[in-house]
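Subject: Structure for your review

Dear colleague,

Please find below the structure that I am handing over to you. My findings follow directly after it.

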Amino acid sequence: MTATPTSQLAERAPTIVRASAGQRAWRALMKAPPTAWFGLVVVTAYILIAVLAPAIAPYPETELVGNAYEEWSEVFPLGTDQLGRDMLSRLIYGARNTIGIAFVTTALSFVLGGLLGLLAVVLGGWIDQVLGRAIDVLMAIPQLIFALVLLSILGASVVNLILIIAVLDSTRVFRLTRAVAMNVVVLDFVEAARLQGEKLGWIMTREILPNILPPLVAEFGLRFCFVFLTISALSFLGLGIQPPTADWGSMVRENATLINYGDITPLLAAGAIALLTVSINFIVDWFLHKTSGLKE
Amino acid sequence: MSAGDALLRIRGLRIEGQSEDTWHEIIKGIDLDLKRGEVLGLIGESGAGKSTIGLAAMGYARPGCRITAGTIEFDGVDLARLDEAAKRKIWGARISYVAQSAAAAFNPAHQLADQFAEAPLWHGRMGADECRRAAVDLYRRLQLPTPETIGDRYPHQVSGGQLQRAMTAMAMSCRPDLIVFDEPTTALDVTTQIEVLAAIKDTIKQYGTAALYITHDLAVVAQMADRIMVLRYGELVEEAPTAQMLSNPQKAYTKSLWAVRSLRKDEERGEQPLLSVKGVSASYGAVQVLHDVSVEVPRGRTVAVVGESGSGKSTLARAITGLLPPTQGTVVFDGKPLPPALKSRSKDLLRRVQMIYQMPDTALNPRRRVRDIIGRPVKHFLGLGGAALDRRIAELLAMTELDEQFMERLPSELSGGQKQRVCIARALAAEPELIICDEVTSALDQIVAEEILKLLLRLQKELKVSYLYITHDLATVKAIADEIVVMYRGRVVQSGMKSRVLSPPHHEYTDLLLSSVPEMKVGWLDDVLARRRPGANA
Amino acid sequence: MNAILVTVLKRLGLGVITLFVVSIIISFVFELLPGDFAKAILGQSATPETVAAFQREKGLDRPPVERYLKWIGGVVVGDFGESYSGAGSLGGSKRPVAKLIAPRLSNTLFLAATAAIVAVPLALVLGLLAALYRNSLFDRVVNVVTLTSISTPEFFVAYILMLFLAVKLPWFYALANVSSDTPFLEHLARIALPVLTLVLVTVAQMMRMTRAAIINLLASPYIEMARLKGVPPRRIIVHHALPNAWAPIANVIALNLAYLVVGVVIVEVVFTYPGIGQLMVDAVSKRDMPVVQGCALIFAATYILLNLVADIVAIVTNPRLLHPR
């Protein structure tokens, strides 16, 4: 038997760049645009604040420590709210509550939507049809409106909020997962796995999932922003996270009157929301640009 | 000829392409001369840069490419120095372009005649009525059906071969001095290709148009070109008049390209049948694609299934593997009927029939290493683990002429040929008795394709495995088959031993198919056409 | 032409079916609540008698199918039932939902239409410019600005505008509280800030999508072919890109009008504009189900209609359907 690797003579193999994931990530980071850097720094700061909230906040989350609507001072750096709670402390705790709830909701919607999307693609046939139609109908109702209807029936509570938004948002995750997985499932290596008698679970987790991860990760960032904005909007409408829990959306509503006196304090919470979603969008934009190669 | 005949003169052309934010040189100093009325063939394998050179001859570089050095003198004007507005006066009027995929290159929203007329009207060469007449005239010359009315159609309303000819007509609309043909027949079936080739050749000859004819197909370029340039990795390998280049290539690379099509296997008759497809019909929904197909594959032999697109040859493979259970008929494997659906087949049956695919790029999971790709069937079917598994993987790699360092690689770190070897190793890992090969060499460059064929032949000798080899390419059939099955529109039109099918008398369709395959000799095309249309050319 | 007609009719049929299923969902969400809705709305202190009376009056004791048929039968003739507020034990007169919705619906449509008239052309022009001059400084700046703008909550934008353009600089009305006898011009002046808010949040999204659609189109081989025929850029855009761009553009507009309709809810609350969004939010906090359902159905119908129109535009501009084989 001749074992000369003749193919190397005829063809050039691609050059192999061996670098660990960490090295590659670092190299990519060094080349990242300033917007992406800005996003990364902001998101890291938010996460730190959320995790360390009790250690950083000068006052407890819900305790009345002063009079209502006190101005900015050394005692209360950002003043107090409509009940006399410390605004800065509530902003800090708000990071924890608002981000935490939005994260759990997004994660849930990805588990649900991603699983159904993968199943629809791998099983195909009538299951795919039925799921697709059902999702189409659910998506025919604007998400915020649907959430309002469900909240009016079930009542506003954190658990209801998480479940409702997660289910409604999973429709979009389903759509995306199905679309990208559909491009993968028709490839020959998936057929090869089927022909070798591989089980459903193997095909879903080993053959398809790793190949659709980049778009899903990017989508996670975008969905998180969307969920975060939806929950904030509902809280702002008084139908989301309920008092006395500190949360940015409700804080804007509760103190909105101050704006009529030219006080920007209520906008700090709104600004905190905007800053986070903008930062995540900057990161996702960069990530999409990296993973899609030279699209434009 | 005198120097006054020079139409295109390229000197020291260098082009860079962008990938991953860095620029790489893809054309490394090309000189090219073309006289008026001359056809120059540019041939090479993938990555040779032939299309890039073709577009550069128009002074155009695709987005992501840039011309960094050199001059492109067209009729005395350096296109590389011209601004876009000045080049627009030349494009379409004096140099035009024929793309590989006519279906994509025609605007779906406009009629063919309007797209034909755009360049002459825009460049002020003709009025609307004149355009109309010119279009009909060219459509007739290019032998399009109903030339008077075909211009009223939209691109999606005509077939691929017709569209390709309509695009040639469009390129000729201003009677340009030069046309760049970029693989114009690569996407077509052979029986369609021959008509398009003939039409293009006749027309450019009549009009005395010079052409750059870009292709990877030697036999095609031999028919079309007066002179040939062989390219590799953006550099010139050699250049000579066509007859001389065919008969007496100088460089080793060219010689190896020329030798590719000479591989022949002596046919051997099989004894006992391993696989018998008996009267199988199959449908996609309401559309029946297989009609009463019967095929027999003997143990240790190769049966080639030949047909053009739409012949049902790949569907046959799906019916055998159980991906598309037949509506009628049975598939018998090793004396016992195979359960029609994949789900009801036992693990051992799945093991004994394996498959290799056309596109090695999509046949390997890009996220798994070679070790896992090959190791999985070993573990799954044969239950090996630990050191025994490693040893077996190394053995399989050695059988496919890859060494152990490939184990830890990802598919993206392999060349096309290496990927296909890994696919073969994966199929062999199950220790199968039958391997279905679906166009396994048609996505590969010719030299690599030949190595894969040699590998398959050697493996058959050593392992006594049977192949059901699906292909549209008759050269491959000659190289590998013992028996041949010819399919047309879902039916078997002829089958038998290779020598029997390839020698006359043929079935009518087999004859058309065989006579349409370009051969590597000058004048073949003219001979065939003369034979097919007695009196028509007189 | 027949192929088009058939496809359009099919699409219309699908729209009607979707609307029907949506109405069923909106009606049957009642069944989601474990236990008794009447008890939940009347509070723990309600006696069994009041609960029973409330249920009888509102037909909550009837089976869901019967309730649905009664409701949808009314909706078809413009009767959305009666509001819970001022009913049963709470006393007061009956208030038909349709009467509550009608004036507010026209207010909302006025607001949304005004915003759309400004936003749609602006977004299309900006999107086209960004696509034509892509990777230029203009494009990069626009990218960052729009990315920022789409990730900002509507109420943030709304309050910022209110703070700076109404409170600090008293150029506009801070609140948009109009009534039916507000003169037209004053109505317009009062909704200036809500309109501006809606324009800001939708233009960003819409122009990004327009840009992407145009770039995608310009990457087609037939565009390269046209270039190589010597056709200048202006004609390439008008003659080669545009005829193929109607479908994606219609899609972008429909999506964003739909987005605008929902964005209206928040903006109305911020500026206390008496529209259907504010009505719905009030009804949700009072758990006034007939009003919630009526509003939801109207929002959903608008949404479905917009998507329907976009799909029909895509169908009637598709050359494959316009000119069948």
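B:Met355 has B:Ile436 as its bridge partner in β17(B). This pair belongs to the contact between strand β16 (residues 353–356) of chain B and β17(B), which run in the parallel sense and are joined over four bridges. Please note that the model is a predicted one.

β17(B) also pairs with strand β18 (residues 466–471) of chain B, again in the parallel sense, over five bridges. Here B:Ile435 finds its bridge partner in B:Tyr467 of β18(B). Together with α17(B), the strands β17(B) and β18(B) make a β-α-β unit that is right-handed.

How many of the residues of strand β17 (residues 434–438) of chain B are buried? Five of its five residues are, and the strand is described as mostly covered. In a regular strand, side chains alternate between the two faces of the sheet. In β17(B), B:Leu434, B:Ile436 and B:Asp438 point one way, while B:Ile435 and B:Cys437 point the other way; all of them are buried.

A search of the whole structure finds 53 of them over all chains. Side chains of opposite charge can pair when their charged atoms come close.

1. B:Glu462 and B:Arg458 form a salt bridge in which the closest N and O atoms are 3.0 Å apart. About one helical turn separates B:Glu462 from B:Arg458, because the two are four residues apart in helix α17 (residues 446–463) of chain B. B:Glu462 counts as partly exposed, at 39% relative accessibility. B:Arg458, by contrast, has a relative accessible area of 16% and is therefore buried, the limit being under 20%. Both residues take part in a network of salt bridges that links B:Glu401, B:Arg421, B:Glu451, B:Arg458 and B:Glu462.

2. B:Arg371 and B:Asp390 meet through their side chains in a salt bridge of 2.8 Å, N to O. B:Arg371 lies in helix α14 (residues 370–382) of chain B and B:Asp390 in helix α15 (residues 386–399) of chain B, so the pair ties together parts that are 19 residues apart in sequence. B:Arg371 is partly exposed, with a relative accessible area of 25%, and B:Asp390 also counts as partly exposed, at 33% relative accessibility.

3. In chain A, A:Asp136 forms a salt bridge with A:Arg133, with 3.3 Å between the closest N and O atoms. Both residues lie in helix α6 (residues 125–139) of chain A, where they are three residues apart, about one turn of the helix. The relative accessible area is 30% for A:Asp136, which is partly exposed, and 48% for A:Arg133, which is partly exposed as well.

Finally, I would draw your attention to a surface feature of chain A. A:Ile47, A:Leu48, A:Ile49, A:Val51, A:Leu52 and A:Ile56 form a nonpolar patch on the surface, with about 520 Å² of accessible area together. Which element gives the largest share of the nonpolar patch? That share, four residues, comes from helix α3 (residues 34–51) of chain A. A:Leu52 is placed in the loop between α3 and α4 of chain A. With a relative accessible area of 41%, A:Leu52 is partly exposed.

Yours sincerely

Technical notes: Residues numbered from 1 in each chain as written. Chains lettered and ligands numbered in written order. Predicted model: local features only at pLDDT ≥ 70, side-chain atom pairs only at ≥ 80, totals over all residues. Heavy atoms only, no water. Salt bridge = Lys/Arg side-chain N within 4 Å of Asp/Glu carboxyl O. Buried < 20%, exposed > 50% of the residue type's maximum accessible area, 1.4 Å probe, protein only. Patch = residues over 30% accessible without salt bridge, like charges linked within 9 Å, V, L, I, M, F, W, Y side chains within 5 Å. Areas by Shrake-Rupley, 256 points an atom, 1.4 Å probe, with all protein chains shown as cover. Pairing = 2+ DSSP bridges. Right-handed = clockwise from strand over helix to strand, strands pointing away.
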